[in-house]
Amino acid sequence: MILINQLKKNFGRQEVLKGIDLHFSAGEGLALIGPNGSGKTTLIKCLLGLNTVQPGQIQYNGADIYQQSAYRKSMGYMPQISRFPEQMKVKDLFVLMKSIRSDQTGYDLDLFEAFEIESLYEKKMGFLSGGMRQKVSAALAFLFRPDVLVLDEPTAGLDPVSNEVVKEKLQKTIHEENKLVLITSHVLNDLDDIASRLVYLVEGKVLFDKPLADLQAETSENRLNAMIAKFLRKQLNHG
């Protein structure tokens with residue numbers, strides 16, 4: 001579905017991604033993790049076409065994304081920090097997005113309804129709390145039934161009930177709808193029931209890329225946080 005080949009990205013003299021090779025398939029729940037500054041958000045923005053890439057570095061369904069945009073209709077994106085026009089009403093935001101995607105027939109309203117977004121319609125985006133903005137952003141990410149969901153710290157600012165709603169929706173998206181979900185989160189326990197595979201970045205390189213089941217077998221741990229900590233300690237001891 002998505003093939004990444006020797007992806008490199010510099011900002012001035014700073015080398016952020018240093019030759020990333022990855023392949024993502026439908027039906028995967030992939031956790032992209034690593035310390036701050038490891039290149040996670042840069043990688044996501046390259047996939048979304050928000051950062052320019054060189055020819056041959058990323059393919060989507062067998063086609064090079066270089067200078068292409070049509071593939072992005074198949075993607076839903078929930079950024080870590082949503083930046084909407086402060087004076088725009090919630091209703092107008094959804095009307096605008098639907099007008100941009102006027103070829104879309106049928107919407108995924110699961111989160112729209114679960115979060116009662118319609119009750120926020122007359123509120124301006126600038127007056128919403130951080131958690132409310134996250135709910136609007138999540139509802140938008142799923143709205144157009146994308147084949148690929150890219151979620152950057154999706155549970156940040158959400159209350160526990162809303163957090164569980166998002167997690168249940170992601171499980172359904174992966175296991176029942178066979179879609180690809182790429183998710184970053186510093187709250188690793190949120191990924192326990194979602195991720196089937198982990199990609200760990202450090203300083204712009206892939207330190208490891210493993211199915212969750214393999215990592216669990218190697219570490220004899222059940223929680224994702226404990227698995228990663230134990231695996232990294234082993235790596236350091238053998239280094």
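Colleague: In what order do the four strands of the open sheet stand, and with what pairing?
Modeller: In this predicted model, the order is β2-β1-β4-β5, and the pairing is antiparallel.

Colleague: Why do β2 and β5 count as edge strands?
Modeller: β2 (14-24) and β5 (63-64) each have a single partner strand, so one side of each is left without a neighbour in the sheet.

Colleague: How do you know that β1 and β2 pair?
Modeller: Two strands pair if DSSP finds at least two bridges between them. Strand β1 (residues 2-11) and β2 have eight bridges, in the antiparallel sense, so by that cut-off they pair.

Colleague: What makes α1 largely enclosed?
Modeller: Buried means under 20% relative accessible area. Six of the eight residues of α1 are buried, so the helix is largely enclosed by the rest of the structure. Among them are Leu43, Ile44 and Cys46. Helix α1 (residues 40-47) lies across β1, β2 and β4 (58-60), at about 120° to β1.

Colleague: Why is β9 called largely enclosed?
Modeller: Five of the six residues of strand β9 (residues 197-202) are buried, so the rest of the structure largely encloses this strand.

Colleague: Which strands pair with β9, and in what sense?
Modeller: Strand β3 (residues 29-33) pairs with β9 in the parallel sense over four bridges, while strand β10 (residues 205-211) pairs with β9 in the antiparallel sense over six bridges. Valine 199 in β9 is the bridge partner of leucine 32 and stands opposite aspartate 209 in β10.

Colleague: What lies between β9 and β10 in their hairpin?
Modeller: Two residues lie between them, and glutamate 203 in the turn has a positive phi of about 50°.

Notes:
Residues numbered from 1 in each chain as written. Predicted model: local features only at pLDDT ≥ 70, side-chain atom pairs only at ≥ 80, totals over all residues. Heavy atoms only, no water. Contact = heavy atoms within 4.5 Å. Axes fitted to C-alpha atoms, helices over the stretch in contact; angles between N-to-C directions. Buried < 20%, exposed > 50% of the residue type's maximum accessible area, 1.4 Å probe, protein only.
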